[in-house]
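The sequence and the model come next.

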Amino acid sequence: MQERNTLTTSDPTLQGHSLLAVNKRGISFLDHVTKVVLQEFPYGMIVSTRMLRSQDGKQFFDIKLGSLLQQAILRCETPCGREIGPLLRKYINLWAEQQKELDEETYGITHGLSYL
């Protein structure tokens with residue numbers, strides 16, 4: 001049985017159970033025993049997220065990574081999917097707002113485009 005605070009992913013480099021760390025720089029997958037960072041993804045690499053539920057009640061969330069030209073989907077299974085999805089969206093929206101402000105300060109650019 002899967003521990004409540006761990007998840008499994010579709011990424012072959014993240015074998016077994018992992019921990020997901022969400023912070024102001026992006027998301028990280030950690031080894032659930034040693035807490036060593038296995039992979040990191042800054043918010044600029046996250047194209048979108050979505051929540052899924054299988055017929056047997058398992059919760060998943062997909063993270064679409066990459067650019068508009070080249071993308072990969074990382075599917076994560078966790079019983080905490082309902083909490084993780086909204087949390088990631090809040091962090092991504094905050095990051096996008098900070099990027100917009102940085103663009104305006106750096107380049108004097110104001111635009112109506114949204115990062116999400």
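T8 has E77 of β7 as its bridge partner. Strand β1 (residues 8-9) and β7 run antiparallel and are joined by 2 bridges. Two strands are taken as paired if DSSP finds at least two bridges between them. Strands (E, at least two residues) and helices (H or I, at least four residues) are DSSP runs, numbered from the N terminus.

The model is predicted: local features need pLDDT of at least 70 and side-chain atom pairs count only at pLDDT 80 or more, while totals for chains, interfaces and linings use all residues. Residues are numbered from 1 along each chain as its sequence is written, and side-chain values use heavy atoms, with hydrogens and water left out.

β7 also pairs with β6: 7 bridges join these antiparallel strands. One of the bridge partners in β7 is I73, which faces K64 in this pairing. The hairpin from β6 to β7 passes through 4 residues.

**Nonpolar core**

A nonpolar core is a set of buried Ala, Val, Leu, Ile, Met, Phe, Trp, Tyr and Cys residues joined through side-chain atoms within 4.5 Å. Buried means under 20% relative accessible area, exposed over 50%, and partly exposed in between, using a 1.4 Å probe and protein chains only. The largest such core holds 17 residues, and I27, F29, I46 and I63 have the most contacts inside it. Two or more residues come from each of β3 (26-31), β6 (59-66), β7 (71-77) and α1 (81-107). The largest contribution is that of α1, with 5 residues. In soluble globular proteins, nonpolar side chains tend to be buried together.

What is I27 in contact with, leaving aside its neighbours within four places in sequence? The list is L20, A21, V22, Q39, E40, F41, Y43, I46, I63 and L88, where contact means heavy atoms within 4.5 Å.

**Aromatic pairs**

There are 2 aromatic pairs in the structure. Rings of Phe, Tyr and Trp (its six-membered ring) pair if their centres lie within 6.5 Å; planes under 30 degrees apart count as stacked, over 60 as edge-to-face and the rest as tilted.

| Pair | Centre to centre | Angle between planes | Class |
|---|---|---|---|
| F29 and F41 | 6.2 Å | 80 degrees | edge-to-face |
| Y43 and Y91 | 6.0 Å | 15 degrees | stacked |

The pair of F29 in strand β3 and F41 in strand β4 links distant parts of the chain, 12 residues apart. F29 is buried at 0% relative accessibility, and F41 is buried at 10%. In the other pair, Y43 lies in the loop between β4 and β5 (46-53) and Y91 in helix α1, so parts 48 residues apart in sequence are tied together. Y43 counts as buried because its relative accessibility is 1%, whereas Y91 is partly exposed at 27%.

**Two loop residues**

T78 belongs to the loop between β7 and α1. Is T78 buried or exposed? With 3% relative accessibility, T78 counts as buried. The T78 side chain reaches the backbone nitrogen of C80 at 3.1 Å.

K35 sits in the loop between β3 and β4 (37-42). K35 is not a glycine, yet its phi is positive, at about 70 degrees. Its relative accessible area of 47% makes K35 partly exposed.

Terms used. A polar contact is a pair of N or O atoms within 3.5 Å; within protein, one must be able to donate a hydrogen and the other to accept it, and residues adjacent in sequence count only if both atoms are side-chain atoms.
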